[in-house]
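Biologist: Hi, could you walk me through this one? I'd like to go topic by topic.

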Protein chains: 2
Amino acid sequence: MKGWIAGVLGVVGVMVAGMAEAQDLIVEKKVFELPSYTTQGGRTLKNVKVGWESYGTLNADKSNAILICHFFSANSHAAGKYAVADAAPGYWDAIIGPGKAIDTNKYFVLSSDTLVNLNTGDPKVTTTGPASIDPDTNKPYALDFPVVTIGDFVNVQKALVESLGIKKLVMVAGPSMGALQTYEWAASYPDMVGKAMAVIGAAEADAQLIAWLDVWAAPILVDPNWNKGDYYGKTPPNAGLAKALTVVTLQANHGDWTNGTFGRRPAKEGENPGKALGNKFQVQSILDNAGEARAKVSDANHFLYLVKANQLYAAGGKSLADAMSRIKAPLLIVNQPKDLVFPDEMIQRTVAEAKKAGRDVTHVTIQGTRGHLDGVISMKQAEGAVKAFLEK
Amino acid sequence: MKGWIAGVLGVVGVMVAGMAEAQDLIVEKKVFELPSYTTQGGRTLKNVKVGWESYGTLNADKSNAILICHFFSANSHAAGKYAVADAAPGYWDAIIGPGKAIDTNKYFVLSSDTLVNLNTGDPKVTTTGPASIDPDTNKPYALDFPVVTIGDFVNVQKALVESLGIKKLVMVAGPSMGALQTYEWAASYPDMVGKAMAVIGAAEADAQLIAWLDVWAAPILVDPNWNKGDYYGKTPPNAGLAKALTVVTLQANHGDWTNGTFGRRPAKEGENPGKALGNKFQVQSILDNAGEARAKVSDANHFLYLVKANQLYAAGGKSLADAMSRIKAPLLIVNQPKDLVFPDEMIQRTVAEAKKAGRDVTHVTIQGTRGHLDGVISMKQAEGAVKAFLEK
């Protein structure tokens, strides 16, 4: 409820200030709860909760909703701010808001935290995963939590959407793991998805992505504090998790950024990296520090379950060809050719398979120094394409 | 001595059999010892030993020598076999041998194990590094071993070359870390290097490579058995080392290979990867098994010292521009545009800087599904270019 009010207030603010782009959209995180949810693997979980937020107002016939799905390390904060003083708005604020490409004066935009969301230490995030208390034991599930899939993420979102009385979404969209959820929605619930915008993500995890996701997970599995997932109430495996998050950050960027930003500068003046094994270059210390900071608000088991969900992913549960034969929605596919997580050839395979299946495909590319991350932080480049896609 | 004899026998064998390409070159590993070596960092090490081998015969005026430098996880076994029954010859056997592009009927080809060579458990490898016994303490150096550089690798090779009475090399060549050593040779000892062939490697480590090398090292640093390098006589950090080697293998290949070879097949029929967190896809189990097998004959500290040497690398010790201003040798630069370790743009920067400095540069590319590794296993594609470069 408050989210809707926030959306309305945003609109009012715009009208008063007369400058839609500069006006902050003030949003609020809410919680959606399912008394019971049965995973695709067949395990029934009680009291499944996820956080969610929304921007704009749901119209009377509930026909103006757009769902945004978040990426691996993100949460449902896709746009707006919780308070004017917030340092930064949600990750896709450049294209979501009053008068923006996804115009919250026109659309009701919502987004939810996924199951096994990484950011368990973020007070704004609500999720259900290995770190959650199992109501049957009153202890954290740890590795007793079942394997969940991108399909499970989508099924929980579907329950949220249906709880609001929404029968069909104008569009489902998201970057990276958000694109995976988008294709999953379009393939599994083709009659509920009007349009689908998949940004920096493919419709199936290939062997290369499966193997790289293992590289992300590796430092956690080696950390003795991981203790086969049993670390709640003890010292968590933050050394391994920090290294894992460092890998994610590095692969989500491109050499144009690391080289242009850091060069071969030492981390500290006067501490020549050649003088001691532990002396670092700046690029090493910045990435390590970022990983360590992120680890403090993240959960290592959730990281591993996210890795697994991404590895298992094939939209609709079968194959790329099957997914494309089931999708009805027109597709807007956006990628960055220098992406190191979802390389261009992987996106091209999805585009080719979609066209082969007769789908209505618009494919646009964005540029930048960040590679994969440009799909998050440089999305303003695609605003014209997004607007045109929504209007067509 | 025996190496030379082996070289001669190889030639004789060729003459008898009359089919140069099919004839195995039988080689022997030898050991070169320096009573004392002072690192670029200023630390003096006693009894520095490295293994080496050679193919062909050094001529009377010692003017027909070619030095091959090895890659990160390799050793001096560049060509030939130790015994006819060996499963495979040295890594560049396709271009080194009687009648081949680097013709051992004409050239005396030699190669040495680097300092801190990874393969301490390989009985054919001799190296000096953290796993070696410090003559002053009679205990392994562990992390008391000084940081060494690609320049140190080259300086030890120079001592070997000079011990044979060789004043100038016809060519220095190598793939990957071997290319780094090649540029180092050409920049630091321009009058000793007639020609330089740098394959799948650049003349300076950039921020992106420095950061990726940290990803390689990360699982070792988290493994409790690493114990800050103090594990000799105890359980070695093979879990971390295995994961580290898995990362190297993955990045040294390309998605064309992983996807084409493994697809989304499960590791074991009937063990659906979706059914349990530990159930794997084939690509995961094959890479993990390869990493575990390699870990058993490798040393984790040596891995970390190799990472450091590569991170510190700038040919000649200063910068790419400085290196290119000092090099005199014509350059044959070979790369694979799909290389994920030394991406095409990194090689292009080296090529551009070499041309800007007025160097004589020939740049050729090779193709394949392996990416970086094509510079090792697909080098036959470049044999025409190598032959022409040597003859010009």
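Biologist: How much area do chain A and chain B bury between them?

Modeller: About 4100 Å² between them, with 66% of it on carbon and sulfur atoms. Buried area here is the accessible area (1.4 Å probe) that two parts lose on being put together, summed over both. Please keep in mind that this is a predicted model: local features need pLDDT of at least 70, side-chain atom pairs count only at pLDDT 80 or more, and totals for chains, interfaces and linings use all residues. Residues are numbered from 1 along each chain as its sequence is written, chains are lettered from A and ligands numbered from 1 in the order in which they are written, and side-chain values use heavy atoms, with hydrogens and water left out.

Biologist: Thanks! Which residues of chain A lose the most area to chain B?

Modeller: Those are A:Val222, A:Arg264 and A:Leu277, together 17% of what that side buries. The contact, meaning heavy atoms within 4.5 Å, takes 52 residues from chain A and 51 residues from chain B.

Biologist: What rotation superposes chain A on chain B?

Modeller: A rotation of 180 degrees, with 0.0 Å of shift along its axis and an RMSD of 0.0 Å. The two copies are therefore related as by a two-fold rotation axis. In chain A, the C-alpha nearest that axis belongs to A:Pro219, at 2.4 Å. The same surface serves both copies, as 98% of the contact residues of chain A recur in chain B. The superposition is by least squares on the C-alpha atoms of residues with pLDDT of at least 70 in both.

Biologist: How many salt bridges are there across the interface?

Modeller: The rule finds two between chain A and chain B. It asks for a side-chain nitrogen of Lys or Arg within 4 Å of a carboxyl oxygen of Asp or Glu. A:Arg264 pairs with B:Glu204, at 4.0 Å from N to O. A:Arg264 is also one of the residues of chain A that lose the most area to chain B.

Biologist: And how many over all chains?

Modeller: The count comes to 34. Among them is the pair B:Lys100 and B:Asp93, with the closest N and O atoms 2.8 Å apart. B:Lys100 has a relative accessible area of 8%, so it is buried, and B:Asp93 is buried too, at 14%. The cut-offs are under 20% for buried, over 50% for exposed and partly exposed in between (1.4 Å probe, protein chains only).

Biologist: New topic: which residues does the UniProt annotation "active site" cover?

Modeller: The unreviewed entry lists A:Ser176, A:Asp339 and A:His372. UniProt positions are given in the numbering used here, feature names are shortened, and annotations may be inferred rather than shown by experiment. The three are spread over 197 residues of sequence but cluster in space, with a largest C-alpha distance of 10.5 Å.

Biologist: Is A:Asp339 buried or exposed, and where is its place in chain A?

Modeller: A:Asp339 counts as buried, at 3% relative accessibility. Its place is in the loop between β11 (331-335) and α10 (344-356). Helices (H or I, at least four residues) and strands (E, at least two) are DSSP runs, numbered from the N terminus.

Biologist: What about A:His372, buried or exposed?

Modeller: A:His372 counts as buried, at 6% relative accessibility, and is found in the loop between β12 (361-365) and α11 (374-377) of chain A. Not counting residues up to four places away in sequence, A:His372 touches several residues, including A:Ser176 and A:Asp339.
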